[in-house]
Amino acid sequence: MTDEQELVCAAPMCDVVLDDEYGDGEYSNILEAQVCRSCFQSDTDHASAITMFSPDGEVSRVILGDLVAMNPEYGDYVDASTWRREWRASSAWRGHYDTIFVSGWHEVEEDLLLWGQRTDGQDLGERIQRECEAGTLPFEVSVIADTTSNLFAQGISFWVRDEDAMRFAVWVKGEAAYEGATSRD
Ligand SMILES: [Zn+2]
C-alpha cells in the first residue's frame with residue numbers, strides 16, 4: 001500500500017498508469033485530464049476532420065476526436081463545444097461518426113443539392129477548394145469528414161453559416177434554387 005495516488009489514463013476502458021516511465025501522458029482537452037500516449041494516438045488517428053474555407057483564401061483545420069480537439073498543423077487545442085460528435089452504431093462492430101455544428105451553421109440539404117453520389121460531393125469539395133485558393137469563394141464553407149467502421153468510407157458534410165444557406169444554394173444550383181425554395185412553402 002502506498003499513500004501516493006496513481007495517475008491513471010482518463011480515457012474510458014483504459015487503466016494504464018501514467019508514471020515516470022511513460023511520462024505524463026498527453027492532455028485531453030475534452031476530458032480535461034491526462035490520457036496515455038496510446039489512447040491519444042488512437043483518438044487523433046480516428047478523429048473527424050473539419051476544414052474551414054474562407055473567402056480570403058485561408059484554410060484552417062481541426063481534428064475532433066473523443067478525447068482531443070486540436071489544430072493538427074500547430075498542435076494547439078481548440079474548443080470542442082463548437083461541435084457535437086456522436087457514434088451511430090448500425091451493429092456491434094459497424095457504424096459511423098456524425099459530427100454537427102451545435103449552432104450558427106447550417107448543413108446544406110442533400111435533397112436541395114441533389115448529392116447522394118459520392119462524386120457529387122467530391123466535385124463540390126474540389127470547387128470549394130479551387131475558389132478558395134483563387135479568392136473567389138463568396139462565403140465561408142466548412143467541410144466535415146467523419147470516420148466510419150469501413151476503412152474506405154468517409155462521411156462528408158458541407159456547412160455554411162445560417163445566413164449564407166440561400167446564397168450557397170444559388171451558388172451551387174443557380175436560379176433553380178429559388179424554385180426549390182418557393183415550392184417548399
Ligand atoms: Zn489510455
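In what order do the six strands of the open sheet come? They run E7-E6-E5-E11-E12-E10, with antiparallel pairing. Here, two strands pair if DSSP finds at least two bridges between them. On the edges sit strand E7 (69-70) and strand E10 (105-107), each pairing on one side only.

Some ground rules before we go on. This is a predicted model, where local features need pLDDT of at least 70 and side-chain atom pairs count only at pLDDT 80 or more, while totals for chains, interfaces and linings use all residues. Residues are numbered from 1 along each chain as its sequence is written.

**Stop 1: the whole chain.** Zoom out and you'll find five helices and 12 strands in the protein chain. These are DSSP runs numbered from the N terminus: helices (H or I) have at least four residues, strands (E) at least two. Of the 185 residues, 19% are buried. Buried means that 20 or more other C-beta atoms, placed from the backbone, lie within 10 Å of the residue's own.

**Stop 2: strand E11.** Select residues 141-147. Why is E11 largely enclosed by the rest of the structure? Because five of its seven residues are buried.

Ile50 stands opposite Ile144 in E11.

Next, show strand E12 (residues 154-161), which pairs with E11 in the antiparallel sense over seven bridges. Stay on Ile144: in E12, Ser157 stands opposite.

**Stop 3: the largest nonpolar core.** Such a core is a set of buried Ala, Val, Leu, Ile, Met, Phe, Trp, Tyr and Cys residues joined through C-beta atoms within 7 Å. This one has 26 residues, and among those touching the most other members are Val35, Cys39 and Phe40. Elements giving two or more residues include helix H1 (37-45), strand E6 (59-64) and helix H4 (165-173). E12 gives the most, with three residues. Colour domain 1 (7-41) and domain 2 (48-182): both give residues to this core, so it lies between them. Those domain bounds come from an automatic or database domain assignment.

**Last stop: Val35.** Select Val35 and look for what it touches (C-beta atoms, placed from the backbone, within 7 Å). Not counting residues up to four places away in sequence, Val35 touches several residues, including Cys9, Ala10, Phe40 and Leu67.

How values were computed. Buried ≥ 20, exposed ≤ 12 C-beta atoms within 10 Å, placed from the backbone. Contact = placed C-beta atoms within 7 Å.
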